2 protein chains.
Amino acid sequence: MSLKNSPACVEFRGSPDGLKRQRLFTPGPTPIPERVQTAMAGTPVYHRGPEFPALLRNAVQGLQEVYPTSCDVFLLSCSGTGAMEAAVANTLCAGDRALVVQAGQFGARWTDLCRAYGVEVVERAFPWGEAVDPQVVAEALRDDPGLRAVFATHSETSTGVLHDIAAIGETVRETDALFVVDSVSSVAAHPLPLEAWNVDLAVTASQKGLMLPPGIGIAAVGPRVWKAYGRSRLPKYYWDLEGYRRSMAEGRAPATLPVTLLAGLRVALQMLREEGIPRVWERHARHARAVRRSAAALGLTCFARRPSNALTAILLPESVDGLALMETMRRECGVVVGGGLGDYRGRMVRISNLGHVDDAGILEAVGAFEAGLRRTGWEFEAGVGVRTAQHVLTADC
Amino acid sequence: MSLKNSPACVEFRGSPDGLKRQRLFTPGPTPIPERVQTAMAGTPVYHRGPEFPALLRNAVQGLQEVYPTSCDVFLLSCSGTGAMEAAVANTLCAGDRALVVQAGQFGARWTDLCRAYGVEVVERAFPWGEAVDPQVVAEALRDDPGLRAVFATHSETSTGVLHDIAAIGETVRETDALFVVDSVSSVAAHPLPLEAWNVDLAVTASQKGLMLPPGIGIAAVGPRVWKAYGRSRLPKYYWDLEGYRRSMAEGRAPATLPVTLLAGLRVALQMLREEGIPRVWERHARHARAVRRSAAALGLTCFARRPSNALTAILLPESVDGLALMETMRRECGVVVGGGLGDYRGRMVRISNLGHVDDAGILEAVGAFEAGLRRTGWEFEAGVGVRTAQHVLTADC
């Protein structure tokens with residue numbers, strides 16, 4: 001008996017709406033472990049009280065292990081964009097020239113941010129779905145020795161591309177420019193060894209691989225940043241990292257941090273340590289591979305030339321309405337995924353495996369995607385998506 | 001039998017350390033209701049998904065009721081200081097002159113913030129513990145018609161003073177200056193009717209009277225702000241309120257908001273509505289009165305000339321080590337209060353009744369204060385603090 005597009009397979013009929021769990025496979029926010037939820041539901045720690053310094057120190061150490069780096073790490077009350085703004089405001093002057101290399105919505109944010117501060121941007125933009133060519137970065141740096149900083153993106157959340165930060169960092173190393181990297185969606189999914197890759201400043205946020213809700217912005221700051229800080233004249237108060245450095249030396253922060261999220265971060269970092277950071281990276285690699293191979297088995301195209309293990313952007317056939325597909329997945333399977341951004345709205349799904357996702361969770365995501373896809377009329381052998389995912393997840397690869 | 005300073009009364013002996021609850025009477029963070037904790041522990045809402053716009057709209061409406069105001073209300077991922085920075089960055093140019101009227105650590109923050117942005121500050125500073133004299137504001141405005149904005153503080157958290165925003169607003173009304181108010185610790189404790197009091201922009205944060213953890217900054221923005229925005233040339237991206245206005249018209253935010261805190265805010269606002277906003281203000285008035293009268297009965301001085309109902313700053317006798325007192329209260333009774341800031345470190349306690357505090361909670365706070373105080377050797381009739389608090393809480397006043 002062929003199961004091909006048998007309508008009986010389309011819907012998960014067993015669960016009335018009220019019983020369906022909601023499962024996040026969005027590239028932030030991501031699923032939160034129960035242990036973390038419980039920690040966050042406790043009485044808030046007073047940020048001027050005796051428990052706070054240890055809580056902050058623990059977070060810094062854990063984040064240093066996750067990157068890995070031995071740089072200063074600062075926690076801010078903001079989103080990832082806020083941490084990006086801190087990176088600009090602490091390192092440059094109005095009128096400085098900076099190179100932005102980008103291929104997606106979040107990479108382009110560096111350009112907007114720099115321009116908002118009067119920084120003159122030299123931009124090397126690549127088409128969405130492609131990776132920045134390190135050779136082009138090298139040429140741009142050679143053409144303009146006055147460039148003060150290079151801004152790049154590790155995992156581009158709008159396209160699912162992993163940019164080659166190691167190679168870009170090598171080209172920046174030969175210049176005096178600072179190297180600043182948006183690692184918002186890459187942290188915990190990929191290693192980003194700051195020192196080895198010549199990254200001076202990396203920013204991230206809590207609601208991605210760190211398995212927390214949004215609300216904490218994070219900046220890992222290397223020693224060369226402080227020299228740039230010294231000559232920077234951009235106005236700053238909330239983002240002033242020197243204020244953070246002074247306060248954190250005493251175990252404090254200059255502004256009130258989201259202390260319940262910090263209590264969750266302590267547990268989340270403990271869980272990542274228990275798993276083992278290299279195994280955390282392997283988990284993301286295995287999960288993303290399962291999603292990519294399933295998409296291929298379903299006859300679809302992964303959008304990213306050089307895919308990130310944080311999420312998989314899948315280009316949809318022209319016949320498929322992406323918004324309707326996502327709505328089916330959400331309504332019938334309780335599975336929430338990201339859609340296409342910008343011009344790709346309705347033409348793409350972005351399935352993230354960030355956060356508290358286990359192997360069975362990947363089957364949920366792929367199963368819901370397959371169920372929704374069948375409803376659109378796209379033809380494929382029934383079950384080939386979940387079967388492929390299962391194979392990857394259970395294989396010794 | 002006289003109980004006066006009987007050592008047997010000093011310690012709450014019934015609770016071994018492990019059994020003691022921690023109770024926050026700090027002016028942020030404040031106690032969180034269980035219903036709010038449960039709401040925050042749910043699966044995060046996807047900020048690009050279909051549930052988000054209603055969540056955001058609900059928050060805006062609730063905050064409009066709490067102030068009260070019909071102004072635009074914007075929610076940001078930041079602390080109260082971040083919202084203060086947004087107020088400066090969206091309204092002024094470098095070189096503008098602004099009047100800051102202040103009498104405490106948080107009032108002085110307006111000066112620091114404005115100066116960080118190159119705004120020329122005309123400051124009228126009053127001694128800590130005093131309230132800003134509206135007459136002095138009127139004179140300063142008369143002396144310098146070029147002042148673009150007046151920055152003030154409603155409830156000064158470092159001193160427990162409530163400044164007379166209504167009267168200051170009247171003097172500002174006769175000028176072209178914008179009136180910007182830090183209402184971080186006053187929201188829900190006192191009414192701040194923006195329109196009636198001529199306030200153009202008020203900022204607050206989640207971790208005070210709103211019964212939430214820290215992580216959401218809030219800006220209530222009146223129509224005259226947009227005119228100032230139009231001529232403002234200070235660099236901004238994360239704080240750009242025009243971006244918020246555009247996004248929020250579609251039920252979105254330009255940056256990822258702390259969605260679990262937003263889920264908590266929905267429930268917290270519902271609880272405040274159920275209580276009735278005027279009764280919420282009355283509750284804060286009754287609780288603060290109970291603490292103030294207890295302190296007086298214990299022979300101590302309330303620091304604020306014009307006390308806020310958000311918290312009570314109590315000046316300690318010279319013989320009393322405030323840090324040791326707070327440590328006793330914390331260790332033996334599980335009661336955490338704020339200490340003196342700046343020059344008043346060790347010389348003051350700040351007992352807050354913000355957040356999820358009920359009448360019995362006030363007895364806990366006063367009881368712990370009394371127990372700790374007896375340990376310091378300060379003499380008073382045993383039980384006079386809690387008896388006085390009980391009397392105020394149960395009287396029809």
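**Salt bridges and cysteines**

In the predicted model, A:Arg286 is partly exposed, with a relative accessible area of 23%. The side chain of A:Arg286 forms a salt bridge with A:Asp359, and the closest N and O atoms of the pair are 3.0 Å apart.

Over all chains, the structure holds 40 salt bridges. One of them joins A:Arg273 and A:Glu65, with an N to O distance of 3.1 Å. Here too, distant parts of the chain are linked, with A:Arg273 in helix α9 (residues 259–275) of chain A and A:Glu65 in helix α2 (residues 52–66) of chain A, 208 residues apart. Both residues are partly exposed, A:Arg273 at 25% and A:Glu65 at 36% relative accessibility.

A:Arg246 and A:Glu242 form a salt bridge at 3.9 Å between the closest N and O atoms. Both residues lie in helix α8 (residues 241–249) of chain A, 4 residues apart, or about one turn of the helix. A:Arg246 is exposed, at 54%, whereas A:Glu242 is buried, at 19% relative accessibility. A network of salt bridges links A:Glu51 with B:Glu327, B:Arg330, B:Arg331, B:Glu332 and B:Arg375.

The structure holds 0 disulfides over all chains. B:Cys78 is in no disulfide, and the nearest cysteine sulfur, that of A:Cys78, is 8.8 Å away. B:Cys78 is buried, with a relative accessible area of 0%. The sulfur of A:Cys114 is too far from any other for a bond, because the closest cysteine sulfur, in A:Cys93, is 13 Å away. A:Cys114 is buried, at 0% relative accessibility.

Key: Residues numbered from 1 in each chain as written. Chains lettered and ligands numbered in written order. Predicted model: local features only at pLDDT ≥ 70, side-chain atom pairs only at ≥ 80, totals over all residues. Heavy atoms only, no water. Disulfide = S-S within 2.5 Å. Buried < 20%, exposed > 50% of the residue type's maximum accessible area, 1.4 Å probe, protein only. Salt bridge = Lys/Arg side-chain N within 4 Å of Asp/Glu carboxyl O. Helix = DSSP H or I, 4+ residues; strand = E, 2+ residues; numbered from the N terminus.
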